[in-house]
Amino acid sequence: MLFSIFLLLIATNLKAQERTSFRLMFWNVENLFDCKHDTLKNDKEFLPTSMRAWNYGRYKKKLANVARTITAIGEWAHPLLIGMCEVENDSVLRDITLYSPLKKENYQYVMTNSPDRRGIDVALLYQRGSFKLLDWEPLHISLPGKHSYPTRDILHVTGRIINGDTLDVFVVHLPSRLGGQKASEPNRVCVAERIKAAVDSLFLVRTQPKIIIMGDFNDYPENKSISEVLEAVAPPNHPEPHHLYNLLASKAKDRNFGSYKYKGEWNLLDQLIVSGTLLSPDSRFYTNETKAHVARLPFLLIEDEKYGGEQPFRTYNGIRYQGGFSDHLPVYVDFSVGASK
């Protein structure tokens, strides 16, 4: 009898170990520039000779701040996938992965080389032991209008996760609201249409499409680029495999919830969007909206002296250096990973 109970406990423990956690995050790190001038880009704002006096010491502190945040979000284990935007070039990613406190985590990375005038790009960091890179490509954008400007490419990465499933990840940074929400909206709609076309192609070729779109949309969940073009709404009770769902849309209805604060109001600009396949508990790799969060870590926040409450602790307040982190809070989500068959 005791031996039977012992065998049952072993079997139960093995079954529990069949599923592990897979955490990914996205963060707009706000102007992660090195201190060197790129003659092809407008990066003079972040040089030692600029009004910001951006120097090597401040750059190293920024790298340490980014590493500290990633470590804190990882808790017991660092996130396996990290999407970033507003990174200047390959040099800063090499520094963050090889010469910051993250160096022991063996992160690899891929990034775009966009025509953005300031030289900022999007990137994906991944842990090679948990995500095997199969392919990646930048998706170029041509904005509408004869006075349009170059913008960031979309980064599409395909990889195999630890249970053998194929995962398609898009990292995005849509055009800003410069000039006003209404006037600038066609630019974000244009990028969203490019994302949707790429996703629809995957829906046709993937038997079980596992798609994640993460990034700074410069739009809220109810705006046209997300709710109409991508049709990424809050997950329903019975999600459809070939539809997109916004994991943070329901929480964003709370006026005190968001990743970015503007004129005293929190808003959600940073989205985590998944295909319906990833919302099925029957899948070997799945999540739900309760597993998605904005990282309100205490050290990422500072008192909002003008509007009250708290706000993101930025590197600069105007041109005054204050040594903070970013004007955005990171977002993250956990997936359950089943054993390979």
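## Residue V169 in strand β7

V169 is found in strand β7, which comprises residues 166–173. The structure described here is a predicted model. With a relative accessibility of 0%, V169 counts as buried, because buried means under 20% relative accessible area. Leaving out residues up to four places away in sequence, V169 touches L81, L124, L155, H156, V157, I212 and M214.

A distance places this residue in the wider fold. V169 and R320 are 151 residues apart along the chain, and their C-alpha atoms are separated by 36 Å.

## Confidence of the model

The pLDDT of the protein chain averages 92, and 93% of the residues score at least 70. Over residues 2–18, however, the pLDDT is below 50, and this stretch has 3 contacts in the model beyond near neighbours in sequence.

## Helix α2

At the start of α2, N55 brings a side-chain oxygen to within 3.2 Å of the backbone nitrogen of G57.

Which residues of α2 are buried? They are Y59, K62, L63, N65, V66, A67, T69, I70, I73 and G74. The buried residues of this helix pack against the strands β1 (20–32), β2 (81–87), β3 (107–111) and β19 (331–337), and also against helix α3 (90–98).

## Two residues with positive phi

E75 follows α2 and lies in the loop between α2 and β2. Its phi is near 55°, a positive value in a residue other than glycine. E75 has a relative accessibility of 55% and therefore counts as exposed, the cut-off being over 50%.

E231 also has a positive phi, of about 55°, although E231 is not a glycine. This residue lies in the loop between α5 (224–229) and β9 (244–246). Is E231 buried, partly exposed or exposed? With a relative accessible area of 43%, E231 is partly exposed.

## Helix α3

N89 caps the N-terminal end of α3, where a side-chain oxygen of N89 lies 3.1 Å from the backbone nitrogen of S91. Within the helix, S91, V92, L93, D95, I96 and T97 are buried. What do the buried residues of α3 pack against? Their partners are α2 together with β1, β2, β3 and β4 (121–127).

## Aromatic rings and charges

A pair of aromatic rings is described by the distance of the centres and the angle of the planes. The model contains 11 aromatic pairs. In the pair formed by F22 and F285, the ring centres are 5.3 Å apart and the planes stand at 90°, so the pair is edge-to-face, a class that requires planes over 60 degrees apart. This pair links distant parts of the chain: F22 belongs to strand β1 and F285 to strand β13 (residues 285–286), 263 residues apart. Both F22 and F285 are buried.

Ring pairs also link F33, F46, W54, Y316 and Y321 into a cluster. The charged end of R177 sits over the ring of Y220, at 4.5 Å from the ring centre. Likewise, the charged end of R296 sits over the ring of W266, at 4.7 Å from the ring centre.

T315 lies in the loop between β16 (310–312) and β17 (316–317). Its relative accessible area is 5%, which means that T315 is buried. The side chain of T315 makes a polar contact of 2.9 Å with the side chain of K62, and K62 is among the buried residues of α2. Apart from its neighbours within four places in sequence, T315 is in contact with E30, W54, K62, R320, Y321, Q322, G323, G324, F325 and S326. One of these contacts, W54, is also a member of the aromatic cluster.

L178 is placed in another loop, between β7 and α4 (181–205). Its relative accessible area is 75%, and L178 is therefore exposed. The C-alpha atoms of L178 and A67 are separated by 30 Å, and the two residues are 111 residues apart along the chain. A67 is one of the buried residues of α2.

Technical notes. Residues numbered from 1 in each chain as written. Predicted model: local features only at pLDDT ≥ 70, side-chain atom pairs only at ≥ 80, totals over all residues. Heavy atoms only, no water. Buried < 20%, exposed > 50% of the residue type's maximum accessible area, 1.4 Å probe, protein only. Helix = DSSP H or I, 4+ residues; strand = E, 2+ residues; numbered from the N terminus. Contact = heavy atoms within 4.5 Å. Polar contact = N/O pair within 3.5 Å; in protein donor to acceptor, adjacent residues only side chain to side chain. Phe/Tyr/Trp six-rings, centres within 6.5 Å; stacked < 30°, edge-to-face > 60°. Lys NZ or Arg CZ within 6 Å of the ring centre and 35° of its normal. pLDDT = per-residue confidence, 0-100.
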